[in-house]
Each structure stands twice: as C-alpha cells, then as structure tokens.
Amino acid sequence: MHVASLSLTDFRSYPAVELDLEPGATAFVGPNGQGKTNLIEAVGYLATHSSHRVATDAPLVRQGAQRAIIRSVVVKDDRRALIELEINPGRANRARVNRSPVPRPREALGLLRTVLFAPEDLALSKGDPSERRKFLDDLLVARAPRFAGVRADYDRVLKQRNALLRTAATTRIGRRRGSRKQDDDAAFAAAGAGDVMSTLEVWDSHLVRHGAELLAGRLDLVEALRPLAAKAYATLAPSSAPAGLEYRSSAGEDQADDKLSTDVSVLGINREDLAERLRAGLAEVRQAELDRGVTLVGPHRDDLLLTLGDLPARGYASHGESWSFALALRLAAYDLLRSDGGDPVLILDDVFAELDDQRRRRLTDIVAPAEQVLITAAVPDDVPAQLAGSRFDVTEGSVLRVR
Amino acid sequence: MYEGVVQNLIDELGLLPGVGPKSAQRIAFHLLAAEPADVKRLAHALLEVKEKVRFCRICGNVAAEAECRICRDQRRDPQVICVVEESKDVVAIEKTREFRGRYHVLGGAISPIDGVGPDDLKIRELMARLADGQVTELILATDPNLEGEATATYLARLVKPLGLKVTRLASGLPVGGDLEYADEVTLGRAFEGRRLLDV
C-alpha cells in the first residue's frame with residue numbers, strides 16, 4: 001500500500017499543508033526543528049492512532065487550535081480510501097472513511113499500516129520493559145484490531161483493581177489506628193476490609209480472563225517475530241552473536257529456576273493454562289499487593305527479553321548492537337505485516353544519520369524494495385543514493401517539492 | 001461570563017449529565033425568554049420530584065409510595081428477580097413486556113475507581129429478599145461493561161451457597177443487524193456465547 005496524499009489542518013506546527021505523494025522513496029529534507037518529523041508523525045498517527053513521540057494527544061494540536069485533522073488517500077491494490085481523522089485532545093477522536101463517519105475511530109485502523117523507525121527506537125533495546133510491551137501491543141493491534149479492545153479492557157480492569165488495592169491499603173492503616181482509638185472506627189474499617197477481599201476475587205477473575213487473552217496474543221506474536229528478528233539482526237550485524245527473543249512473564253517470578261519457569265512460551269499457547277498461571281501468580285503475591293496497593297502480576301509487568309548469544313542485550317550490548325537490535329525488531333514487524341498481506345508503508349525518521357556506513361548500506365538494501373518509503377533527513381547526504389526518489393524541502397513550516 | 005444570576009443558572013445547568021457549556025447557555029436563555037408560568041411549572045416539578053419521589057423499600061426502584069408499582073402488583077411472579085443497576089433499566093426491560101417477575105435495583109455497579117464497593121449498593125437488601133427461599137431464579141441484568149460484569153460475577157459468587165438458578169442476560173449481535181457491521185468485540189462475544197441450535 002502507499003499514501004497518495006496527505007493533508008494536515010492544525011497539526012503540530014502546520015496550520016494547513018497539502019502534499020501529493022508517490023510510491024517509491026520520498027525524502028523530507030531540512031534543518032532540525034522545521035517540521036519534517038511532524039509530517040511523518042501524522043502518517044504514523046493515522047495508522048496507529050498514537051504518536052511515536054508523545055503519549056498524549058495535546059501536543060499534536062497546533063497551539064490555539066481546538067482540534068487537528070489528518071486527511072489522507074491510501075491506495076492498496078489499486079483501491080483508494082480517503083481516511084480522515086479528527087484529533088480531539090481529552091475527548092474521543094472522530095474518523096471518517098470515504099466521507100462516511102465510522103462509529104468508533106478504531107474501525108478505521110488497519111486501512112493504513114506503517115512501520116516507523118525513529119531515533120526513539122533505541123529505547124526498544126535499552127529502555128524500560130514498557131517500551132517493549134508497547135511495541136508488542138501496537139503490533140498486535142496492527143495485525144488484529146480486535147486486540148485494541150482486549151488491551152483497553154485489560155487496562156480498565158487493572159485501574160479498577162489498583163484502585164481497590166489502594167483502598168485496601170488505607171483501610172488496613174485505618175484499622176490499625178482505629179483499634180487504638182474508637183471501637184466504632186475499628187468495626188467500620190474491618191467491615192470495609194472484608195468488602196475489599198470479596199470484591200478483589202471478582203477483579204482477579206476478570207484480570208485473569210483479559211490478561212490471559214492479551215498474554216496469548218503476545219506469545220503468539222513473539223513466536224512469529226523470533227525467526228524474523230534473528231534474520232534481520234544477522235543481516236544488519238553479521239559479526240555479532242545471534243539475536244534471540246524471550247517472553248518473560250511476571251507470573252512465577254519468585255520461582256528459583258527463573259529462566260525456564262518465566263519463559264512461558266515453553267508452556268505452549270493455551271489460554272486456559274495461561275489463565276491458571278496468572279491465577280497462581282496472583283495468589284502468590286496477594287500479601288505484597290495488599291501492602292503496596294498495586295497489581296504485581298499480569299501482562300502489564302511482563303518483559304520481552306532480548307538476547308545476544310547467551311547474554312541479555314540490555315546492559316551487555318554495545319551502542320551499535322543496541323541500535324541494530326532495535327532496527328531488527330522493526331524490520332521483523334515489517335516482515336510480519338507484509339506476510340499478512342499488504343506491504344506496509346515504511347517510515348524512516350532521521351535514522352540514517354545514526355548508523356555507520358555498513359549498517360546504512362544493509363538497511364538500505366532491505367528497505368529499498370518496499371512499495372513506499374518515507375524518509376526524513378537533516379541534510380540531503382543522509383539519504384542513501386539508492387533511496388533518492390521524490391524530495392521535499394522543509395523549512396520554517398513550508399514544504400516545497402524539489403523533485 | 002454573564003451577569004451573576006444568569007451565570008449561576010448556566011453553571012448549575014452545566015452540572016447536569018449530558019449538558020455541556022454551550023447547551024447550558026442555550027437552555028438558560030430559553031428559560032429567560034419563556035413565560036413566567038412555564039418556568040414556575042418547571043421549578044415546581046424539580047422541587048416536587050425531590051420531595052415526593054421515594055425509593056421502593058423492597059426493590060429500590062423509584063416509587064411514589066413506600067412500595068413501587070411492580071412490587072405491589074400481585075400478578076408479578078415472586079419467584080424470579082431481575083437485578084439491574086438503575087431504575088431506568090427497569091423501564092427499559094418493562095418495555096419488552098417479556099419479563100413478568102420482580103426487580104431489584106442496585107443503584108449502580110461496583111467500581112473501585114469511583115469508590116463504589118458492594119456496601120454502597122443495595123446488595124444487603126437483595127440478600128434479605130432471597131433469605132426466605134421463595135425466589136428460585138436470579139437474572140443478572142447489569143450493564144455488559146467491565147463494571148457491570150464484575151458486579152454480576154460478585155453477585156453470582158455471593159448467592160452461590162443459596163443454590164438458586166442464576167442467569168446472565170445474553171450479549172452479542174443485535175437483532176435485525178448485519179453480521180458485517182458488528183464490531184470485533186461484540187462479534188467475539190457472540191462467538192463465545194453461541195448456543196446449540198435444536199431442530
């Protein structure tokens with residue numbers, strides 16, 4: 001697929017901009033801070049309904065404006081779809097496909113698929129587990145939009161359960177204090193605590209149900225990614241140790257032989273087994289959860305362990321290796337989406353400047369055959385010759401086609 | 001900002017559910033332009049509803065007397081109780097004319113974020129109604145969202161020792177709809193809740 005046109009209204013620095021795009025490589029060139037990344041960020045947002053740069057939508061709307069609008073014609077197998085997305089910070093976004101409104105914006109997901117490479121990707125290999133969870137979950141949603149619902153449900157259950165655990169924590173403190181002061185207080189607090197325990201079991205069962213579904217999806221995904229990431233990494237860094245992926249579940253963390261017991265993929269992907277495992281994991285940490293007032297077991301505490309040979313990449317990998325691993329994960333995602341049907345649009349945000357010559361060449365070889373590649377670069381020399389297609393110069397918010 | 005009293009009215013109206021600042025302003029100016037008698041009637045209705053309406057001492061539904069119309073109706077089946085979150089759910093189910101049992105209005109759903117636990121709902125009252133063994137079926141008709149599901153699970157567990165039949169409203173495809181227009185979550189639920197077709 002490819003993006004045939006992009007039009008922005010009040011998005012980031014742009015009051016209004018309209019571009020026609022072609023298949024093949026397109027470079028946006030200009031000094032930093034002129035609005036290159038804003039353009040490709042909009043394309044990425046249209047595909048995922050989230051930005052690769054910020055967690056909230058408010059910064060996406062131009063200062064002083066109420067809402068931002070992204071409008072784009074996406075061509076897939078010679079079929080054109082006009083996707084329009086209105087970003088309303090703090091409220092629900094609205095989407096239209098071919099001029100008809102869709103009831104939920106997420107139903108417009110999947111019409112455009114992108115794989116975005118950015119300097120921020122380094123966090124995939126060097127950053128917190130949350131970065132890798134987001135990578136997995138975003139990809140999960142891109143492959144099967146149903147998971148957008150699973151993810152939202154899980155997050156909601158988690159919030160409710162955490163709120164309950166916090167109440168439990170304060171009631172317990174209240175009870176301890178109350179027993180010294182007034183009997184009435186103590187009785188009240190004790191009743192509250194019983195209340196908490198009985199509802200906690202209910203939230204446990206819902207956390208386990210939605211958690212097992214999310215976990216099953218992630219495990220399935222990791223299995224599919226593993227060979228692709230290893231292959232991509234070997235191409236980018238042929239002299240390095242082989243790259244591996246291992247899913248680490250927070251359920252069963254305390255067990256002694258940690259490697260086997262936490263790599264849940266050895267269990268096979270059976271939702272019943274996973275649910276049982278989560279239930280057991282929750283039972284184990286019950287006391288700690290009540291003390292700390294947060295949910296300690298579940299997909300929200302899991303990690304995707306990246307390995308090079310026998311060593312974890314985090315902490316042991318060099319800067320270059322970390323970069324290669326991050327790129328390999330993105331390339332694996334690209335391969336996976338491509339094998340599902342429909343060549344996703346590749347977006348390379350300021351990536352080439354970060355790479356040495358060898359990696360730059362290898363990455364170019366991999367991405368060149370893609371149907372459409374959108375590139376941003378500070379200077380024209382950062383765009384490899386093989387990817388010299390259309391070019392736009394971006395300066396002070398004006399976007400001019402050069403060729 | 002408008003002069004004191006007008007702004008007060010707009011602010012008060014803006015606190016109502018479903019009324020944004022723009023709507024509040026529109027309603028306020030509509031009231032300013034209306035006949036004094038009409039406005040008095042509205043004000044009277046507002047005050048009256050607070051003074052006169054009570055909650056049924058049996059089921060918790062809104063009632064004009066100590067017990068609501070449904071609880072007083074001897075023709076209703078006392079063996080089946082349908083549990084709902086709000087009085088407006090009773091109205092919705094009554095419209096179907098399918099259900100001839102009695103209701104129990106919880107007054108909400110369990111939601112720790114909003115500080116609502118089982119003790120804040122009319123669950124103790126429900127248990128008291130179940131105590132005499134006359135009820136044989138409990139229909140859990142809380143909303144099909146996370147909080148409603150959690151409340152249903154909680155109640156199902158709570159009444160399990162009583163050994164009565166506990167059912168949950170089906171969720172899935174809307175009647176008369178097209179399969180292709182159903183969203184993935186609903187369709188997924190419908191798959192989970194599929195049933196044997198007996199012919």
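How are helix 1 of chain B and helix 2 of chain B oriented to each other? In this predicted model, the axes of helix 1 (residues 4-14) and helix 2 (residues 21-33) of chain B come within 8 Å. They cross at roughly 130 degrees. Angles over 145 degrees would count as roughly antiparallel, and 65 to 115 as roughly perpendicular. Helix 1 of chain B and helix 2 of chain B are therefore oblique to each other. Their crossing is right-handed.

Contacts between the two helices involve several residues on each side. Helix 1 of chain B contributes B:Val6, B:Leu9, B:Ile10, B:Leu13 and B:Gly14. These meet residues of helix 2 of chain B, including B:Ala24, B:Ile27, B:Ala28 and B:Leu31. B:Gln25, B:Phe29 and B:Leu32 also belong to the helix 2 side of this contact. An α-helix has 3.6 residues a turn, so residues three or four places apart point the same way.

Cysteines were examined next. The count of disulfides over all chains is zero. The closest cysteine sulfur to that of B:Cys59 lies in B:Cys68, 3.6 Å away. A disulfide requires the two sulfurs within 2.5 Å, so this separation is too far for a bond. For B:Cys71, the closest cysteine sulfur is in B:Cys59, at 3.6 Å, again too far for a bond. B:Cys59 counts as buried, at 1% relative accessibility. B:Cys71 is also buried, at 6%.

In chain A, helix 9 (residues 319-339) has 21 residues. Helix 9 reaches 30 Å from its first C-alpha to its last, close to the 30 Å expected. This helix is mostly covered, with 16 of its 21 residues buried. A:Gly341 follows helix 9 of chain A and has a positive phi, near 110 degrees.

How values were computed: Residues are numbered from 1 along each chain as its sequence is written. Chains are lettered from A and ligands numbered from 1 in the order in which they are written. This is a predicted model: local features need pLDDT of at least 70, side-chain atom pairs count only at pLDDT 80 or more; totals for chains, interfaces and linings use all residues. Side-chain values use heavy atoms; hydrogens and water are left out. Helices (H or I, at least four residues) and strands (E, at least two) are DSSP runs, numbered from the N terminus. The expected span of a helix is 1.5 Å times one less than its number of residues. Buried means under 20% relative accessible area, exposed over 50%, partly exposed in between (1.4 Å probe, protein chains only). Axes are lines fitted to C-alpha atoms, for helices over the stretch in contact, and angles run from 0 to 180 degrees between N-to-C directions. Angles under 35 degrees count as roughly parallel, over 145 as roughly antiparallel, 65 to 115 as roughly perpendicular and the rest as oblique. A crossing is left-handed if the near helix is turned anticlockwise from the far one by less than a right angle, and right-handed if clockwise. Contact means heavy atoms within 4.5 Å.
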